[in-house]
Amino acid sequence: LRQVLIRNLRVFERQDQPGSRPGVWALVGPTGQGKTTTLAKLAAHFALERGLKVGLVTSDTFRIAAIEQLRTYADILGIPVYTVERPEDAANAMKETVDCDLVLVDTGGRNHRDKARMAELRELLAVLHPDETHLVVSLNVNPRDAFDMLEHYLPLGVNRFIFTKLDEATSPGLLLNIRMKYDKPVGYVTHGQAVPDDIIPADQVDFSKILLGA
């Protein structure tokens, strides 16, 4: 069984590292998935461990606490953060971060059943032109709700998964179900709130042990 799982999960691969030109990674997903904390972990990893010049952009203007949280992390890391409310703001932010090796975008959580909000997110992504769009999926959610959300978010150009809250998941098999239905690689898995520690590149995770509980 372990060999079958490993064979089916072999596409869990580490993300391509940013190249010589600025890379833009957008994190999308509903509220409560852990996007802001995950973005902070990625920023710390690439700025401190990889020595890259990182810029942060947030469009999560609905939650003031999220903006302040991101600014606090940015101050600690010594990297810039830009807040955008409209697509034209996003275009200006991209100009300001043109010399960055990597730009991480924290999009505001959107109710996937709210067509107007999803249209706003689609418009924002059209301006940002992200090299990679990461759908952040919490593993402690109801599987039916998760798949309903996936059907609405995947058409936005999602090409990576980030699974969060593994430490809170009582049934982590959701990640296997998602992988079997959607052939998209997973870049990272998070397992706690500590920044930057509780995040692991997917190619360093033994998913068979997680799924078998041993």
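**A tour from the surface patch inward**

Begin by selecting Leu1, Val4 and Leu212, which together form a nonpolar patch on the surface with about 270 Å² of accessible area; such a patch takes residues with over 30% relative accessible area and no salt bridge, joining nonpolar side chains (Val, Leu, Ile, Met, Phe, Trp, Tyr) within 5 Å and like charges within 9 Å. Accessible areas come from the Shrake-Rupley method with a 1.4 Å probe, with only the protein chains shown counting as cover for residues, and a salt bridge is a side-chain nitrogen of Lys or Arg within 4 Å of a carboxyl oxygen of Asp or Glu.

This is a predicted model, in which local features need pLDDT of at least 70 and side-chain atom pairs count only at pLDDT 80 or more, while totals for chains, interfaces and linings use all residues. Residues are numbered from 1 along each chain as its sequence is written, and side-chain values use heavy atoms, leaving out hydrogens and water.

Stay with Leu1, in the segment before helix H1 (2-8), where helices (H or I, at least four residues) and strands (E, at least two) are DSSP runs numbered from the N terminus. Leu1 is exposed, at 70% relative accessible area; exposed means over 50%, buried under 20%, and partly exposed in between (1.4 Å probe, protein chains only).

Next select His129, in the loop between helix H5 (115-128) and strand E5 (132-138), which has a phi near 50 degrees and is exposed at 61%. Most residues other than glycine have a negative phi. Lys165, in the loop between strand E6 (160-164) and helix H7 (174-181), has a positive phi near 60 degrees and is partly exposed at 22%.

Finish at Met149 in helix H6 (residues 143-153), which is buried at 4% relative accessibility and has its C-alpha atom 9.3 Å from that of Val137, twelve residues apart along the chain.
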